[in-house]
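Hi everyone, thanks for coming.

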Amino acid sequence: MIEIKSAEKVFRSNGSSFEALKDVTVSIAKGAFVSIVGQSGSGKSTLLSLIGGITPPSAGEVKVDAVPVYELSNEKLADYRREYIGFVFQQFHLIPYLTAGENVMLPLCVTGKKKMDTLAEGALRKVGLDHKSSRLPSQLSGGEQQRVAVARAIVNSPPIILADEPTGNLDTETGEEIFKLLEELNGEGHTIILVTHNLELANRTQKVIQLKDGRIVA
Ligand code: ADP
Ligand code: MG
C-alpha cells in the first residue's frame, strides 16, 4: 500500500522556486495497476520519483507498507529503492556497451555471479528475450530495448514497478506489447504505476490519476 498525504514539492534554483506538486493526497493499493496522466510539466515524473524514493517531498508524507520512506536512513532508503522499486523510462536508459543480459544484471551488483546469470536469464525469459541476451542494445529494436529495460526493472522482483511513459517512443503496436507485458506483471502481483499520454491505455488501468499544474484534479 502506497499512501501519499498532503505532499508538496518545491524546486528552488537561483532565488526562484517552482511548486511541482501541490497538496497531493493519494493511496494506491497493493497489487493495483494505476495510471498517471496530465500535460507535460504537470508533475507526473516528480510524483513517480517521490514514490520511488528519489525525490523527497518538501512537505507531507510518503508511506509504503506503513513505512515513512523519507524518514529512513540513507542506507535504508537505498535498500528501499533497490528492493521495492523497478523503474522503466521512455528512453529505455540501457547502457550501450553492455549486452542485454548484462544490462539486466545491473541491479544485481550486490548478488553472486552465478545467481546473477540465472536471475537475468529468468527476467529476460519473462519478457520473451532470453534468446537475445548477448545482443547489444544497438542490435535490438526499440520495443526489444524497452523489454530489456522492463526485464532490468523486474530482475530483483520489486513489488512496485514505476513506468514513466514507457510507450512514448514506440509505435502503437509495440507500445501495446509493452502495455500487455505490464498487465501480465500486474497479474503476477506487482503494483504498476504507469505515466502515459495515451488516454486509451490509461483507461484500461484500474485507476487514472489526473494531474494539472501539480495538483490531482481527478
Ligand atoms: P511531467 O513529468 O508531468 O512532464 P515533471 O514532474 O517532470 O512533469 O516536472 C514538473 C515541473 O517541475 C516542471 O515544470 C519541471 O520543469 C519542474 N521540475 C522538475 N524537476 C525539476 C528540478 N530538478 N528542478 C527544477 N524544476 C524541476
Ligand atoms: Mg515526465
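Predicted model: local features only at pLDDT ≥ 70, side-chain atom pairs only at ≥ 80, totals over all residues.

Residues are numbered from 1 along each chain as written, chains are lettered from A and ligands numbered from 1 in the order written, and side-chain values use heavy atoms, without hydrogens and water.

So, which residues surround ligand 1? Among them are F11, F18, Q39, K44, S45 and T46, where near means having a heavy atom within 4 Å. By class, the shell has 3 nonpolar, 7 polar and 1 charged residues; Ala, Val, Leu, Ile, Met, Phe, Trp, Tyr, Cys and Pro count as nonpolar, Asp, Glu, Lys and Arg as charged, and the others, Gly among them, as polar.

Now the polar contacts, meaning N or O pairs within 3.5 Å. A polar side-chain atom of K44 sits 2.8 Å from a ligand 1 oxygen, S45 has such an atom at 2.8 Å from a ligand 1 oxygen, and for T46 the distance is 2.5 Å.

On to β8, residues 191–195, a strand (a DSSP E run of at least two residues). Are its residues buried or exposed? Here 5 of 5 are buried, that is, under 20% relative accessible area with a 1.4 Å probe, protein chains only. T191, I193 and V195 point one way, I192 and L194 the other.

Notes:
Polar contact = N/O pair within 3.5 Å; in protein donor to acceptor, adjacent residues only side chain to side chain. Buried < 20%, exposed > 50% of the residue type's maximum accessible area, 1.4 Å probe, protein only. Helix = DSSP H or I, 4+ residues; strand = E, 2+ residues; numbered from the N terminus.
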